[in-house]
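Dear colleague,

Please find the structure below, together with its sequence. A written account of what was found follows it.

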Amino acid sequence: MSKAFQKCLNLKYPIIQAPMAGVTTIDMAAQACRAGAMASLPLSHLDFRIAKDFEQFKSMISQFRNHVANESLEKNLNFNFFCHDILNKPTKLQIDNWAKLYEKSLNIPIDVDKISFKNGNVSFKAFERDDALQDFFQYLADEFKPKVISFHFGHPSKSTIKYLQRHGILVFVTATSIKEVHLLAKLGIDGMVCQGYEAGGHRGNFLVNDSKNDENLSTAQLVKRTVTELAVMRDKGFLYDIPLVIAAGGIMDPKDISYMLSQQADGVQLGTALLGCNESNASENFSKPYTSHSETRMVNIVSGKPARTILTPFIEHLLTTFQGEELPPYGYMYNAFKQVKSTYPERANFFLAGEGFQSVQSGIATDQLITKLGKSIAKN
């Protein structure tokens with residue numbers, strides 16, 4: 001089993017706590033860090049073009065460092081950004097279609113004039129386009145530098161990648177296909193987060209946007225083929241250094257972790273496995289065993305991008321009602337959904353989780369679960 005990931009980042013265990021926007025808390029990340037894993041903080045809700053958002057970012061990092069309370073560990077942190085293409089505002093037709101879909105699916109009246117169709121998720125590409133990274137880069141240089149900065153739904157510019165690397169920060173990017181792996185490897189990134197189709201949450205694909213052309217590789221197959229592809233690229237002279245390979249998706253227990261490492265993954269990223277932890281914002285959804293909801297589905301009509309979720313009655317009704325109408329783009333549609341959910345929390349159940357969610361442990365602290373998993377794989 002490769003120890004490159006642990007050695008490179010000085011980690012106790014080859015584990016990354018997945019960013020999980022909306023689920024991860026500062027306490028959760030801090031406990032993962034203290035336990036010996038790579039902690040992650042999702043930053044997709046922050047717009048660095050707005051002063052108060054940047055101040056909120058700095059406050060988050062300050063709180064994280066205070067929670068970790070260990071200077072030798074606090075940099076074992078991953079800043080995670082979304083890096084999707086910048087999307088246009090929704091049209092009136094898209095908004096009307098969305099309102100009709102949700103009225104039928106939830107059996108409630110929806111007044112679109114009371115729904116704010118603003119983009120609730122900010123792309124890192126918007127910061128690059130608007131030249132809004134100076135304060136962030138200055139913060140990295142002067143105040144705090146994490147070991148990893150990662151990107152989902154795409155990659156930043158090559159100049160950003162090189163800038164971060166020159167300052168000693170590793171750049172990780174999510175890949176869901178060999179086509180994406182090939183492109184990212186040529187960009188010279190440091191880590192490939194191989195997200196299999198069984199993974200919970202939003203699928204990070206960015207080259208293949210039509211599900212008909214998505215091979216939907218499992219985590220195991222994606223890892224195996226990525227390792228092979230990177231070796232071929234190196235042998236042909238396309239690569240000097242091979243990126244670290246991180247397996248993500250469907251990894252729930254020590255056997256899953258050990259298997260991925262045996263397939264030459266350098267580490268694993270755990271998301272669904274941590275949903276029931278006390279510090280997770282989703283913990284109450286997993287406080288009781290699931291009996292009526294035992295399946296998951298990949299859907300793109302809640303947020304606007306494919307995401308694996310538990311098959312609740314709400315999701316079933318959406319899938320049955322949807323007839324392929326044109327809907328608002330990602331960010332705008334997701335923000336509108338969240339407003340409906342805040343009004344009808346018991347009806348609009350959208351629980352992001354991977355295929356192995358039935359094995360989620362509840363009532364356990366994040367650091368205890370990381371330690372339990374880490375010690376178990378160390379024995380193998």
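In which kind of crossing does α3 pass α6? The crossing is right-handed, a term applied when the near helix is turned clockwise from the far one by less than a right angle, left-handed being the anticlockwise case.

Before the remaining findings, a note on the source. This is a predicted model, in which local features need pLDDT of at least 70 and side-chain atom pairs count only at pLDDT 80 or more, while totals for chains, interfaces and linings use all residues. Residues are numbered from 1 along each chain as its sequence is written, and side-chain values use heavy atoms, with hydrogens and water left out.

Helix packing

Helices (H or I, at least four residues) and strands (E, at least two) are DSSP runs, numbered from the N terminus. Axes are lines fitted to C-alpha atoms, for helices over the stretch in contact, and angles run from 0 to 180 degrees between N-to-C directions.

Helix α3 (residues 51-68) packs with helix α6 (residues 134-142) at an angle of about 20°, and their axes are 11 Å apart. That angle makes α3 roughly parallel to α6; angles under 35 degrees count as roughly parallel, over 145 as roughly antiparallel, 65 to 115 as roughly perpendicular and the rest as oblique. On the α3 side, Phe54, Phe57, Lys58 and Ile61 meet Asp135, Phe136 and Tyr139 of α6, where contact means heavy atoms within 4.5 Å. The residues of this contact divide into five nonpolar, no polar and two charged. Here Ala, Val, Leu, Ile, Met, Phe, Trp, Tyr, Cys and Pro count as nonpolar, Asp, Glu, Lys and Arg as charged, and the others, Gly among them, as polar.

Helix α4 (residues 92-106) has two packing partners to report. With helix α12 (residues 332-343) it packs at an angle of about 35°, the axes being 12 Å apart, and the crossing of α4 and α12 is right-handed. Trp98, Tyr102 and Leu106 in α4 meet Met333, Ala336, Phe337 and Val340 in α12. The residues of the contact of α4 with α12 comprise seven nonpolar, no polar and no charged.

The axes of α4 and helix α11 (residues 313-321) come within 9 Å and cross at roughly 130°, which makes α4 oblique to α11. This crossing of α4 and α11 is right-handed. Leu101, Tyr102, Lys104, Ser105 and Leu106 of α4 make the contact with Phe314, His317, Leu318 and Thr321 of α11. By class, the contact of α4 with α11 has five nonpolar, three polar and one charged residues.

Helix α8 (residues 178-187) has as its buried residues Ile178, Glu180, Val181, Leu184, Ala185 and Leu187. Buried means under 20% relative accessible area, exposed over 50% and partly exposed in between (1.4 Å probe, protein chains only). The buried residues of α8 pack against α7, β5 (170-175), β6 (191-195) and α9 (219-235). Just after α8, Gly188 takes a positive phi of about 80°.

Most residues other than glycine have a negative phi. Asn107 is not a glycine, yet has a positive phi of about 60°. Asn107 lies in the loop between α4 and α5 (124-129) and, at 67% relative accessibility, counts as exposed. Phe153, also not a glycine, has a positive phi near 70°. Phe153 is found in the loop between β4 (148-152) and α7 (158-166) and is buried, with a relative accessible area of 3%.

Gln6 is found in helix α1 (residues 4-9) and is buried, with a relative accessible area of 13%. The side chain of Gln6 reaches the backbone oxygen of Lys12 at 2.9 Å. This is a polar contact: a pair of N or O atoms within 3.5 Å; within protein, one must be able to donate a hydrogen and the other to accept it, and residues adjacent in sequence count only if both atoms are side-chain atoms.

Thr24 is found in the loop between β1 (15-17) and α2 (26-35) and is buried, with a relative accessible area of 11%. The side chain of Thr24 makes a polar contact with the side chain of Gln17 (3.4 Å), and a polar atom of the Thr24 side chain lies 3.4 Å from the backbone oxygen of Ala18. Leaving aside neighbours within four places in sequence, Thr24 is in contact with residues including Ser40, Pro42 and Asn281.

With kind regards
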